[in-house]
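Walk through this structure with the coordinates open beside you.

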Amino acid sequence: MAKNITGLGRGLGALIDTENINTSGSSSISEVEMDLIFANPNQPRSHFDEEALNELAISIRELGVISPITLRKNDDGTYLIIAGERRFRASKLVGNKHIPAYVKTAADEQVMEMALIENIQREDLNAIEIALTFYRLMEEYKLTQERLSERVGKKRTTIANYLRLLRLPAEIQMGVKDKKIDMGHARAILGLSDPADQLHLYEAILVNDYSVRKVEDLVREQLNPETAVDTNVNTEAVTKKPENEVSKLQEFDELKQRLSDVFGKKVQFVCGKDGKGKISIPFNNDDELAYLMGLFDKI
């Protein structure tokens, strides 16, 4: 029993070498018991927006699950989600006991590929999630960039550009995941080889809301100052953290140190030429966040 599933754009069959994937199973849609279904631990998507999930749950309550999810049946009778975890989660929110699904037969590598393609087609993944999935596929299944490009229907240069993002400092990668900057900004930052310079430029982007084009001009001017053109942007932000008159005062460093001592964390200051900026206090888990919130309450 085989079922050809198409997504947005060219469809799954056009993006994965389906001749090498055994997709035998019922040609009809099955109603699968929710308690037998488990999320894929290698799901490329790591973040699910709660508001969007609740909106989907409302839609499912009113209209049902319009598009069946895709599952792989395990030897023990349970099922692994290949595609459709959002629909599965939303269905659980409304208390559904069964969900319509296609059941496929696929190896672990193919499950990851299919989940990746499904999410890319729906534009559900951010650039870092895609890069990490490409890296995981290459590492776990010993694929070259060329072979991976054949498997997922992407140009080798596209895959290489995603993988390069993983060379950025963790703070910048988190900025991409949190949509503080987009992939265009991140690729432009990669034009600088020094991680410190990359971080300084990243902070300048956040403060000044630079466009991708301006970031590219800043990087080009830093690398080739003799050929730089006037771009009407603050090029000092590339080589050092944005400064204003406040940051030059001794009190600035003293205040930064006092706050670091109070919160027990390395407090970061970012200030732009126009006086705008931010104060950043890191935390590693929910307990540390609760501790910080307690301090704020006392203040």
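Leu 165 touches Ala 127, Ile 128, Gln 173, Met 183, Ala 186, Arg 187 and Leu 190, leaving out residues up to four places away in sequence. Contact here means heavy atoms within 4.5 Å. This is a predicted model: local features need pLDDT of at least 70, side-chain atom pairs count only at pLDDT 80 or more, and totals for chains, interfaces and linings use all residues. Residues are numbered from 1 along each chain as its sequence is written, and side-chain values use heavy atoms, with hydrogens and water left out.

Leu 165 belongs to the largest nonpolar core, which has 33 residues. A nonpolar core is a set of buried Ala, Val, Leu, Ile, Met, Phe, Trp, Tyr and Cys residues joined through side-chain atoms within 4.5 Å. Buried means under 20% relative accessible area, exposed means over 50%, and partly exposed lies in between (1.4 Å probe, protein chains only). The residues with the most contacts inside this core are Phe 134, Leu 148, Tyr 162, Leu 165, Ile 181, Ile 189 and Leu 201. At least two core residues come from each of α5 (127-141), α6 (145-152), α7 (156-164), α8 (170-177), α9 (183-189), α10 (195-208) and α11 (212-223). Helix α5 gives the largest share, seven residues. Helices (H or I, at least four residues) and strands (E, at least two) are DSSP runs, numbered from the N terminus. In soluble globular proteins, nonpolar side chains tend to be buried together.

Look at α7 next. Its residues Ile 159, Ala 160, Asn 161, Tyr 162 and Leu 163 are buried. The cover over the buried residues of α7 includes α5, α6 and α9.

Two loops among these helices hold a backbone feature worth checking. Lys 179 sits in the loop between α8 and α9. Its phi is positive, about 65 degrees, although Lys 179 is not a glycine. Lys 179 is exposed, because its relative accessible area is 73%. Asp 209 sits in the loop between α10 and α11. Phi of Asp 209 is near 55 degrees, again a positive value in a residue other than glycine. Asp 209 has a relative accessible area of 68%, so it counts as exposed.

Now turn to the sheet. Five strands form an open sheet in the order β1-β5-β3-β4-β2, with mixed pairing. Two strands pair if DSSP finds at least two bridges between them. The edge strands, β1 and β2 (37-38), each pair on one side only. Strands of a sheet pair through backbone hydrogen bonds, either parallel or antiparallel.

How do the neighbours of β5 run? Strand β1 (residues 30-33) is joined to β5 by four bridges, and the two run antiparallel. Glu 31 has Pro 100 as its bridge partner in β5. Strand β3 (residues 69-73) is also joined to β5 by four bridges, but this pair runs parallel. Ile 69 stands opposite Ala 101 in β5, and Leu 71 stands opposite Val 103. Six of the seven residues of β5 (residues 98-104) are buried, so the strand is largely enclosed by the rest of the structure.

The last stop is further along the chain. Gln 268 lies in strand β6 (residues 268-271). With a relative accessible area of 23%, Gln 268 is partly exposed. Pro 282 is in the loop between β7 (277-280) and α15. Pro 282 is partly exposed, because its relative accessibility is 36%. Leaving aside neighbours within four places in sequence, Pro 282 is in contact with Lys 265, Lys 266 and Leu 292. Pro 282 and Val 267 are 15 residues apart in sequence and 7.3 Å apart in space, C-alpha to C-alpha.

Finally, zoom out to the whole chain. The protein chain has 15 helices and seven strands. Buried residues make up 41% of its 299 residues. Among contacts between residues at least 6 apart in sequence, 66% join residues at least 24 apart.
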